[in-house]
Amino acid sequence: IINQISWAKPDPPPNALHTAFTHAHETLLWASKGVRHTFNYDLVNIMDPDAQVSSVWSIPAVPKREKAYGYHPTQKPLRLVRRAILASTGEGELVFDPFSGSGTTGVAAKELGRFFVGAETGREYAELAARRIRAAVRGVVLRELPGPEDG
């Protein structure tokens, strides 16, 4: 395990039953099978190069526009998944998601110029993921990222 990243949700879903703490964070595990791994520190820190990149990411929940193709109960925000993929892969590399759900990883991978393979056992969710991934535009986010000269 290289890092445990905490996704802090500034707007967690309400805990209506009051039987447990509100689910205000989720944990992402960043692991590597071998000794070598990719870490694109400069890409994830491009907006504030003098700051340290923290393992706590405060990112809002999924915006409504990301649910335009359908609903999945545990859908992750594109902003979160894009950041994880950008940090840990290179353009043209393969990203695998064994629990594809609504296809957020596939959308982010395609937008960032990566290839994607996913698996999903639920037919309804596999179809949702396929719709979202088909609608994504390859490389669109790469064109929007500021370059090193932009600070």
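Q: What makes Leu 78, Val 81, Ile 85, Leu 86, Val 95, Val 107, Ala 108, Ala 109, Leu 112, Ala 136 and Val 141 a nonpolar core?
A: A nonpolar core is a set of buried Ala, Val, Leu, Ile, Met, Phe, Trp, Tyr and Cys residues joined through side-chain atoms within 4.5 Å. Buried means under 20% relative accessible area, with exposed over 50% and partly exposed in between (1.4 Å probe, protein chains only). These 11 residues make up the largest such core. Helix 2 and helix 3 (104-111) each supply at least two of its residues, and helix 2 gives the most, with 4. Apart from it lies another core, of 5 residues, including Trp 7 and Trp 57.

Q: What kind of model is this, and how are its residues numbered?
A: The model is predicted: local features need pLDDT of at least 70, side-chain atom pairs count only at pLDDT 80 or more, and totals for chains, interfaces and linings use all residues. Residues are numbered from 1 along each chain as its sequence is written, and side-chain values use heavy atoms, leaving out hydrogens and water.

Q: Which residues does Val 107 touch?
A: Contact means heavy atoms within 4.5 Å. Not counting residues up to four places away in sequence, Val 107 touches Leu 78, Arg 132, Ile 133 and Ala 136.

Q: Why are strand 2 (25-30) and strand 3 (56-58) at the edges?
A: Strands are DSSP runs of E, at least two residues, and helices are runs of H or I, at least four, numbered from the N terminus. Two strands pair if DSSP finds at least two bridges between them. Strand 1 (residues 3-8) and strand 3 are joined by 3 bridges and run parallel. The open sheet has the order 2-1-3. Strands 2 and 3 each have a single partner strand, so one side of each is left without a neighbour in the sheet.
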